[in-house]
Amino acid sequence: MKMRQLGSLTVSEIGMGCMGFSHGYGKIPSEDYSIEAIRKALDYGCNFLDTSEAYGPYMMQTGHNEKIVGKAIKGRRKDVVLATKMFIGTGEVKRGGSTYDALKKHLEASMKRLQTDYVDLYYLHRINTGVPIEYVAEGMGRLIEEGLIRGWGLSMVTTDFIDRAHRVTPVSAVQNIYSMMERDYEKKVIPYCLKNNIGFVSFSPIASGYLSGKVTTETKFSGDDVRKWVPQLRKDNIIANQPFLDLVSDMAKRKKATNAQISLAWMLHKYPHIVPIPGSKNQERILENLEAWKVELSNEEFRELENALSGMKVYGQRKEVNMGAEYID
Ligand SMILES: NC(=O)c1ccc[n+]([C@@H]2O[C@H](COP(=O)([O-])OP(=O)(O)OC[C@H]3O[C@@H](n4cnc5c(N)ncnc54)[C@H](OP(=O)(O)O)[C@@H]3O)[C@@H](O)[C@H]2O)c1
């Protein structure tokens with residue numbers, strides 16, 4: 001697979017979101033199946049894995065996903081660019097500890113679960129306005145100096161926060177929601193990142209599965225399935241957003257590709273610093289998504305998609321639900 005830069009980190013141009021092995025998209029597969037799926041993705045040429053301390057089955061302790069990823073990469077750690085995320089609660093710092101101490105405590109717990117002594121990309125999962133971003137940036141800088149992390153990033157942030165953080169310790173990557181159906185960050189965040197040599201990692205790049213065309217009004221979501229509250233997947237919006245599916249399926253037929261592959265190929269064509277991390281807990285679909293790197297859109301095909309998208313209304317955007325206080329830019 002071709003490679004891209006997230007700051008100084010070199011990653012395959014399509015990464016792998018591992019969340020679904022633990023939470024968020026219905027019944028989770030067995031641990032053995034999940035480990036095998038991750039290894040198959042690495043064998044294919046994907047070197048970029050995304051997890052978080054927070055990904056775990058509903059009401060169970062955190063770290064479930066990191067443990068699976070840790071087992072999957074055992075023996076091949078050096079071949080992997082490993083990204084995980086953490087969140088600092090205000091109480092952790094108020095109790096007298098420094099932000100750096102809190103960061104390090106979270107990192108050490110993650111590293112133990114991941115069976116590693118360094119993390120390549122360590123994200124602040126969400127901004128906590130009770131913990132100044134400059135303190136977080138300074139703490140991340142110390143962790144880089146100590147060799148415990150190679151780079152750091154922010155998730156669901158606006159340019160204001162990225163800029164404040166980047167001035168203290170250069171940011172490697174920003175991970176925000178982005179797909180054909182969530183394009184708000186094209187206005188400021190994506191251009192800011194491009195200008196400042198910061199990678200942009202797009203999560204939910206297939207619009208939580210909608211753009212694959214496999215979600216219908218009959219699809220049932222249960223347990224901790226996040227699709228219960230993804231507004232684009234409300235029954236009325238599934239119907240109203242059909243023009244997006246028509247657009248993608250039409251291009252998919254012409255390119256002998258799948259819908260999911262077109263939705264990924266489109267963003268790879270659009271920006272040189274974007275790395276999507278599609279999430280699937282199904283081994284065949286994981287490989288299907290990684291294969292999207294081979295789907296090259298011509299400039300005319302890309303323009304056709306862009307022209308159509310610019311005239312289409314999205315019904316139900318994530319900003320309608322709480323995605324973190326700093327969502328709007
Ligand atoms: N930073 C953050 O706050 C944040 C938030 C959410 C997610 N993430 C990260 O981003 C990753 C990806 O995001 P996401 O999982 O929300 O969204 P996504 O990749 O847009 O969609 C995942 C959903 O799409 C389905 N799917 C994936 N590929 C498919 C294909 N080729 N054909 C049919 N269906 C397909 C999956 O179903 P199956 O599993 O059944 O295949 C799953 O239901 C996560 O794994 C996680 O690592 C980060």
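## Figure legends for the predicted model

**Figure 1. Overall fold of the protein.** Twelve helices and ten strands make up the protein, shown here as a predicted model. The radius of gyration is 19 Å, close to the 20 Å that the globule rule gives for 329 residues, so the protein is as compact as a globular protein of that length. The C-alpha trace spans about 55 × 40 × 35 Å along its principal axes. Of the 329 residues, 49% are buried. Among contacts between residues at least 6 apart in sequence, 75% join residues at least 24 apart.

**Figure 2. The largest nonpolar core.** This core comprises 96 residues, of which Leu49, Leu121, Tyr122, Leu154, Ile162, Val174 and Leu211 touch the most other members. Helix α10, spanning residues 259-270, gives the most to the core, contributing seven residues. In soluble globular proteins, nonpolar side chains tend to be buried together.

**Figure 3. Contacts of Leu121.** Leu121 is among the residues that touch the most other members of the largest nonpolar core. With neighbours within four places in sequence left aside, Leu121 is in contact with Leu6, Leu9, Val81 and Ala83, as well as with Arg150, Gly151, Trp152 and Gly153. Ser172 and Ala173 complete this list of contacts.

**Figure 4. The shell around the ligand.** The ligand is surrounded by 28 residues, and the closest are Gly17, Phe203, Gly209, Ser212 and Gly279. Helix α11 (residues 283-290) supplies the largest share of this shell, with three residues. By class, the shell residues divide into eleven nonpolar, twelve polar and five charged.

Technical notes:
Residues numbered from 1 in each chain as written. Predicted model: local features only at pLDDT ≥ 70, side-chain atom pairs only at ≥ 80, totals over all residues. Core = buried A, V, L, I, M, F, W, Y, C linked by C-beta atoms within 7 Å. Buried ≥ 20, exposed ≤ 12 C-beta atoms within 10 Å, placed from the backbone. Helix = DSSP H or I, 4+ residues; strand = E, 2+ residues; numbered from the N terminus. Contact = placed C-beta atoms within 7 Å. Near = placed C-beta within 6 Å. Nonpolar A, V, L, I, M, F, W, Y, C, P; charged D, E, K, R; others polar. Rg over C-alpha atoms; globule rule 2.2 N^0.38 Å.
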